[in-house]
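Dear colleague,

I am handing over the structure we spoke of, and would ask you to keep it open while you read the notes that follow it.

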Amino acid sequence: MVCHTAPGGQTNAGGLGLDTPFGTIFTTNITPDRETGIGAWSYKAFERAMREGIHRDGRHLYPAFPYTAYAKMSDEDLQSLYAYLMTRPPVSAPNQETRLPFPMNLRPLVAGWNTLFHRDRQAYTPNPDKSPLWNRGAYLVNSSGHCAACHSPRNALGAEKSGENNFLAGGFADNWEAPALNKLSSSPIPWTEQELFQYLRTGYSPLHGVAAGPMGPVVAGLAQLPEADVKAMAHYLASLNPAAAQSQSSHAALATRLEADSQTNQETRLLPGETLFNGACAVCHDSGSGPVLFGARPSLALNSNLHSDHPDNVIQVLMHGITRPAQTNLSTMPGFKSSMNDAQMESLLQYMRARFAPDKPAWNNLRKKIAEIRQQPGHP
């Protein structure tokens, strides 16, 4: 629904432009309209698209559609999904044609791509050495959830890189960084099962931050899942990071130390970005004895994005704010795209990195990255 609904458009009627390294791909109408949607599709045609990436008319679908993950769905779930889609209101909305540059526009080449990167087209098989909870989480994360589509790095041909160290090791989607969910996570405090559950369920983890950008609609969608399924996903993802098994008390102690260090870091007092921070950010984000304003009050000392090797997500949030939070009780954040120029934004980012992630090196080429993101459409 998130991918197949354009801004201001009707649900599942398509038309959303997905930015890829090869060009913009427009999602299609998946309502049961017989002329412009999938109303004329049989279940077998639908199953072939989901498992093999082949359209009803025989065209190969671009792998921006994550059929490599959907192929792992069970027959029962695919049948249920088909039945659900076919009972939605039909919407007559002609599909916007995707025009990629040569040779990416040659759909027959996707057959070769599938030969290289889409060999496993069978439903998920449970691991007998793991618990039912772990297997349920693995199934949801790797099939219908298709988390790796955003959170795994891609090769030059746009396929998820293979190998255990690359699985959920972080990637980029829709001009945002999708951070690593495995042992390569740059989060200063490891993601525990409980923190993952709270984040996926509410869009907020006190030890990590608030869901923003493309993750906001994901959390909104996950709110419709049974609590047991979200717990299973959190259980599985936590198992990918051995550091998450540390005691909660050690995590709390680390959080307290990071908070204290951010308040006593005197070196950052000399940075010009401090004035900008005090004027634009401190009312909601600075720790202290003041009132808690506007819903959640995320700690920047614990924020995963400020500790990342990439400044993209911090720039995106500073630039565009958060106008549509995953849950209404999280409230919103203003964007500063119109009130700060590139030099001011760079100064603020340098200050925040130095103060809240002092053990990390300064970000390089900040001015260039800021200018690039300023030209991109917002995804708050």
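Helices here are DSSP runs of H or I with at least four residues, strands are runs of E with at least two, and both are numbered from the N terminus. Please bear in mind that this is a predicted model, in which local features need pLDDT of at least 70 and side-chain atom pairs count only at pLDDT 80 or more, while totals for chains, interfaces and linings use all residues. Residues are numbered from 1 along each chain as its sequence is written, and side-chain values use heavy atoms, with hydrogens and water left out.

The loop between α3 and α4 (109-117) also holds Met-86, which counts as partly exposed at 23% relative accessibility (buried means under 20% relative accessible area, exposed over 50% and partly exposed in between, with a 1.4 Å probe and protein chains only). Apart from neighbours within four places in sequence, Met-86 is in contact with Pro-32, Ile-38, Gly-39 and Trp-41, where contact means heavy atoms within 4.5 Å.

Two further loop residues deserve a look for their backbone angles. Asn-175, between β3 (171-173) and β4 (176-178), has a positive phi near 70 degrees without being a glycine, and is partly exposed at 26% relative accessibility. Asn-365, in the loop between α14 and α15, likewise is not a glycine and has a positive phi of about 55 degrees, but Asn-365 is exposed, with a relative accessible area of 62%. As background, most residues other than glycine have a negative phi, and most peptide bonds are trans.

Next comes helix α15 (residues 366-374), in which Leu-366, Ile-370, Ile-373 and Arg-374 are buried. These residues cover an arc of only 105 degrees around the axis, which puts them on the same side of α15; the arc is that of the directions from the helix axis to the C-beta atoms. They pack against α13 (312-320) and α14 (342-356).

In helix α8 (residues 215-222), the buried residues are Met-215, Gly-216, Val-219 and Leu-222. Seen down the axis of α8, they fall within an arc of 125 degrees, so they line one face of the helix, and what covers them includes α7 (193-202) and α9 (227-239).
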